[in-house]
Amino acid sequence: MTKKLLKTWQKPSITPHQMGTLNKFGRPVSGDYVEKIDGVAVSDLLREYGSPLFVISEKRLRDNIRQMKRAFESRYQPVIHAWSYKTNYLNAVCATLHQEGSWAEVVSAFEYEKARALGVPAERILFNGPHKKRAILERCVTEGARIHIDNLDELYLLDTIAREFDKVTSVTLRLNFDTGYTEDWSRFGFNLGSGAALDAAIRIGNSSHLKLRGLHSHIGTFILDPRAYQVQVEKMCGFMELIEQQTHALIDSIDIGGGFASQNALQGSYLPTEQVVPTMSQYADTICGTLLKMTAQREAQGKPRLKLILESGRAVVDDSEVLISSVVAGKRLPDGRASYVMDAGVNLLFTAFWYNHKVKHTRPLQGIPEETVLYGPLCMNIDIIRQSILLPPLSVGDSLVLSPAGAYNNTQWMQFIEYRPAIVMVHENSLVSVVRRAEKLEDLNGFESLPTHLNGQFKFAE
Amino acid sequence: MSEHPLNNFLSLYSDSLKRLALNDSGFVFDPMTGQSFTVNPCGLELLKLMQKQKDVELINHQILAEFDITAEILERDFLEFSEQLRRYLK
Amino acid sequence: MKTASKKVHQLTVAITGMNARADNPGPGVAVARCLREVAKFEGKIIGLGYDVLDPGLFQTELTDAGYLLPYPSAGEHELLERLQYIQEQEQIDILIPCLDAEILSMIHLQDQIAELGITMLLPSEAQLQLRNKDRLHQFASSADVKTPKQTTITSSSFFYDCEKKGWSYPLVVKGQFYDAGIAHNPEQAVGLFHKIAAVWGMPILVQKLIEGDEVNLTGLGDGKGNLLGAVMMRKRAVTEKGKAWAGMTVHDEGLLQAAQKLVAALKWSGPLEVEMMRDKHGDYYLIEINPRFPAWIYLAKASGNNLPWTLLEMLQQQPLSKLTAPVAGTLFIRYAQEVIVSLADFEAMTMTGERAVELL
């Protein structure tokens, strides 16, 4: 007996045409889906490690850093990349980048200790940021890490420590200034225009134990106009000339920070990402070209060739990691839009506050794409992954791949309401390692201790 | 036992549902309000049946015979679809 | 090449910018009209729009078929896929992009679009960028053309002490892509700064306001530095959005010379519109160079230079029809008219994004 072939069911839906906003040819439709990540099936990953799940591609991470170094080293040498720990300080990510030659750029005692524990020598660590207490500064001075001085109090404290330990300490001065292209990040470092930076350089010049060897500035984040870096390099090199004349300083490195944009879509951005985000070559062209021009005379003057230090984080790691999340429930909103409750929200994808992440399904989906809201699992009104996206109807259990997720999510995520899930890394041979296991109740309760008299004897109301 | 919630909807909205012009492309036009809609194929199937039938059991029977779907999921999706229609056919 | 052998009057030409809201129309419908009114033209015109309510998509007297394109923000890949599909239906020879926001995508996709058999006359990406709002003053001064004094800022504190630095109100506050407003005092300026920065991002451009007459010029750059077929127009009445609803051809030597200098310096290739202000001293200030035909392009045709037609001749490497120096004093007055659309056509555009050529 032949059984009648049944047709596939899709959730029925009807969408009114709103004039002036009507164009369903505007977005990719159902054909575009991700079945595998570096050769490993998404469904296998979810079966093995559960949902939600962060997945890192080791190959992509290595490709990214190599490509960036090629872009810069083909135009200028020597170039040092210092991995910005705060962007993603998973040991597996840091170790991969250290294997590729990157130094560590840390901004707290915690990050410093993490880098040292991973096996990074102190002299390959750049210590940045506004918060450095005496204990960690003492450790840095003893071990020989390069400290980027942020403020006067730090300068005087460091001078005292260097004298107490009688250790000549090379330091870098952090600068801030207006490039004309970016918001002035005047809260970090010493201002150029006000003369504060020059005062600090002279004060270091007068110290018996501090040697000013480096200049650093970080002009902002997600910088879309490479000309901002041109102004930055010009200003830093101009300042270098000035202080080398006025003090005994001999600068050995220019650290331009990070801020290169990734292929993520800032909310409210009008043009497509590929048109606004410069290529690594465009950044490198501007930065290296300006640096070569500004330092053309140095060798003739018998000065060492400057190291160019990059602290790029987002552009290296962002697109090497994705978050896979599954549909828990679907709900039709009173205004007619489709909505889904996902098992990952802003607790895990913290960057969803600022970026419209790409969303791809993991199997071909039938049906007409319609305006959809993706909610996270939190019992909080702000927990929204995508405010508006065209998606075909989804069913409970369907999974979505959210990308890029490598920058700032595994560091800024919150253990709020939910456990944090596992993070796996897919290696170049398609083998998979758990690089951070999912949290369990014991992990979180392990931090706590319950005073004896609060243990039990609960008197619940009837 | 109370009435199936969808039977209530079907009798209340019978006239509104009947006036809709349905096209196989998924284009739906309401001649009374001048509003047009896009409906997906399963939604279209349900609308066609609703224009002929006021009894939810008969509609369910037809759908279950034709589609790869359980009665439970159909009921859930049909309920949600009727909420959408209630909103647009007011 | 397939198109080179084809006669100009037999071409299939696709034109974007079929939007035509009365207060701010796109140029596409006017470009289509310029071509359609050439008596010997027997080719097809394909209208490309971004919204179901773009009237040019339905104007059967102007366009033989209409298709929707994905919004520029959807990305270049989506645009190319859509063009591939349309090309399978229509065998387009020439595409005339008419909207600012799509020009960069078209430049990026030019080779792939050419592989489909579609040619365009576009500037290079470098030429296009020289005329970006935030670089225009640099480029213009290198071409010896004045621009209003301009600076880029990233903090609204500028507006409180700018008078000490030689600025005076009123000032023009502009976004790097779009949007601009006039501020008469620091409070208004700060308000505009935040409003524009929220939508278009940093930096913000500040310009000295030039008071005087706005004069516009359209023409074609031949890519070698020559400006062909220039037609000049002064706005006589504007809509609430500052767009012309009446304008008159003029002959303004100062405007013409400035435009020639700009085209020569850019070696511009393709259609363009130069917008300038002439102040009370008779000095000319460049406001904008648009990389496309203007919405008033039909005035050029009516006063003797059918520039869209000349563009087709250039692309087909045919001898150009004679271009003239248009007589000053031809007036245009824009008016609104209803385009009637059947439910079937509306349904087709809504459901499939196209109104295909009807087979007879």
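This short talk describes the interface between chain A and chain B in a predicted model.

Let me begin with the extent of the interface. The size of an interface is often expressed as the accessible area lost when the parts come together. Here, the area buried between chain B and chain A is about 2,400 Å², and carbon and sulfur atoms give 57% of it. Which three residues supply more of the area that chain B buries against chain A than any other three? They are Thr38(B), Asn40(B) and Gln84(B), which together supply 24%. In terms of contacts, 21 residues of chain A meet 29 residues of chain B.

I turn now to polar interactions. Across the interface there are 14 residue pairs in polar contact, counting pairs with both residues at pLDDT 80 or more. Several elements of chain B take part in the side that touches chain A: strand S3 (35-39), helix H3 (41-52), helix H4 (56-66), strand S4 (67-68) and helix H5 (71-88) each supply at least two residues. Of these, H5(B) gives the most, with nine residues. By class, that side of chain B has 16 nonpolar, seven charged and six polar residues.

The count of salt bridges between the two chains is one. Lys7(A) forms it with Glu66(B), and the closest N and O atoms are 2.9 Å apart.

Lys7(A) also has a place in the strand pairing, where its bridge partner in S4(B) is Phe67(B). In what sense do strand S1 (residues 7-8) of chain A and S4(B) pair, parallel or antiparallel? The two strands pair in the parallel sense, over two bridges.

How values were computed: Residues are numbered from 1 along each chain as its sequence is written. Chains are lettered from A and ligands numbered from 1 in the order in which they are written. This is a predicted model: local features need pLDDT of at least 70, side-chain atom pairs count only at pLDDT 80 or more; totals for chains, interfaces and linings use all residues. Side-chain values use heavy atoms; hydrogens and water are left out. Contact means heavy atoms within 4.5 Å. Buried area is the accessible area (1.4 Å probe) that two parts lose on being put together, summed over both. A salt bridge is a side-chain nitrogen of Lys or Arg within 4 Å of a carboxyl oxygen of Asp or Glu. A polar contact is a pair of N or O atoms within 3.5 Å; within protein, one must be able to donate a hydrogen and the other to accept it, and residues adjacent in sequence count only if both atoms are side-chain atoms. Helices (H or I, at least four residues) and strands (E, at least two) are DSSP runs, numbered from the N terminus. Ala, Val, Leu, Ile, Met, Phe, Trp, Tyr, Cys and Pro count as nonpolar, Asp, Glu, Lys and Arg as charged, and the others, Gly among them, as polar. Two strands pair if DSSP finds at least two bridges between them.
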